Amino acid sequence: MTFYIGLMSGTSIDGIDCVLADFAENGKPEYVSGLELPWSPEDRRMFSALTAPGPDEIHRAGIAGCRYAERAAEAVKALLAKNSLSPGDIRAVASHGQTIRHEPEHGFTAQIGNHALLAALTGIDVVADFRSADIALGGQGAPLVPAFHQEILGSAEDTRFIINIGGISNVTALIPGRRVTGYDLGPGNTLMDLLALKLFNAPCDRDGLRASQGRVNEAALNLFLEDPFFKARPPKSTGRELFNERFLMRFPGFETLPPRDQLATACELTARSIADGLNYLEEKGDIYICGGGCHNAYLIERIRDLALKRGHRKVTTVSDLGIDPDFLEGFAFAWLGYRFIMRQPVNMTSVTGSRTPAVMGCLYPRPC
């Protein structure tokens, strides 16, 4: 057995997913175990504050990077204990870090995480900074996981769309006979979570219950959908730099709408941007959803209604393909860590627009 651990903390900033994977048999990945370590409210505020310009950013980013490493080390140790393993049993930890800025149009992306500290705290080699190589080659640096989706979820007969709904939503298109492609679709949970916290002091709108009780403000929805991001053709990526509270305030008086109407409108924006965003592919197929958004029953209902009307065959979760939807991205980062250690390029050219495949990541060795 050859074990790798993948760590993923997405733009929802709800917690760290920690996944143990085995690459013993010809490098074919096998999911073994997973757990989530939630961020505290203080952690969430610390990371969220860094997604927009503010005073003393370098100091605050340094403190937040150390906090990420400390909590990530806790998650790794808990996963080792859960599976009766020691640090010596793990070839490497692959850590996404916490995205605070993503600006490929300016040639950079920033995922904080003191990964030298993480290696010191766990006693395991750490691979991190997976996006920079792709951006250096002219790519968007995101989404990162379509190549992994192709490896474990592709079908020779069926067209499949794997949609991850985290803070931002993205799609991987697995179309038989065609190169894998993928791109960001728009806001996933980020606007809904922002409103749930602001209006109801809740981390999320569980099951979409409050949104389901509200009424979509069509004028606001139509204004939001006019944003150039939705009209741009892939490859494309986005983040909290665009989809934040300032985005919602583009509609005059949005904050004066009834709270449930605000949530209903944000939920419909996510559902519409997902359903409309698949139109670029000019193919219909089976839609499989993963990520935290797959637990929002009302959101899934809206996506299903819109997608079936557009000719797609079904909308379900990746559970139907034998994969835990909560840990697919963490599993993907374990695979990316394996590819780095083996110095195997990841072909992202048809996804991100980079000029050539690249070995993606940087190594932070464990202490001698």
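Select Leu328 to begin: beyond its neighbours within four places in sequence, Leu328 is in contact with Phe148, His149, Ile152, Leu153, Ile162, Cys290, Val318 and Ile323 (contact means heavy atoms within 4.5 Å). You are looking at a predicted model, in which local features need pLDDT of at least 70, side-chain atom pairs count only at pLDDT 80 or more, and totals for chains, interfaces and linings use all residues. Residues are numbered from 1 along each chain as its sequence is written, and side-chain values use heavy atoms, with hydrogens and water left out.

Leu328 belongs to helix α13 (residues 328–341); helices (H or I, at least four residues) and strands (E, at least two) are DSSP runs, numbered from the N terminus. Its relative accessibility is 0%, so Leu328 counts as buried (buried means under 20% relative accessible area, exposed over 50%, partly exposed in between, with a 1.4 Å probe and protein chains only).

**Zoom out**

Show the whole protein, with its 14 helices and 12 strands. Its C-alpha atoms fill a box of roughly 60 × 50 × 40 Å along the principal axes. Of the 368 residues, 57% are buried. Among contacts between residues at least 6 apart in sequence, 69% join residues at least 24 apart.

**Into the core**

Next, select Ile163, Phe247, Ile289 and Ile303. Which set do they belong to? They are the residues that touch the most other members of the largest nonpolar core, which has 46 residues. Such a core is a set of buried Ala, Val, Leu, Ile, Met, Phe, Trp, Tyr and Cys residues joined through side-chain atoms within 4.5 Å. Helix α11 (residues 259–277) gives the most to this core, with 7 residues. Centre on Ile303 and, leaving aside residues within four places in sequence, you will find contacts with Ile165, Ala271, Ile274, Ile289 and Val315. Another core lies apart from this one; its 37 residues include Val127, Val180, Ala334 and Phe340.

**Along helix α6**

Colour helix α6 (residues 190–200), where Thr190, Leu191, Met192, Asp193, Leu195 and Ala196 are buried. What do the buried residues of α6 pack against? Their partners are β8 (168–174), β9 (181–187), α10 (245–248), α11 and α12 (297–309).

Step on to Asn201, which follows α6 and lies in the loop between α6 and α7 (209–212). Asn201 has a phi near 50 degrees, a positive value in a residue other than glycine. With a relative accessible area of 67%, Asn201 is exposed.

- Ser84 is in the loop between α2 (57–82) and β4 (90–103). Its phi is positive, about 55 degrees, although Ser84 is not a glycine. Ser84 is exposed, with a relative accessible area of 68%.
- Asp227 is in the loop between α8 (218–225) and α9 (228–231). Buried or exposed, would you say, is Asp227? Asp227 is buried, at a relative accessible area of 6%. Not counting residues up to four places away in sequence, it touches Leu242, Phe247 and Arg250.
- Pro143 is in the loop between α4 (132–136) and α5 (146–153). A cis peptide bond joins Ala142 to Pro143, with omega about -10 degrees.
- Pro235 is in the loop between α9 and α10. The bond from Pro234 to Pro235 is cis, with omega near 5 degrees.
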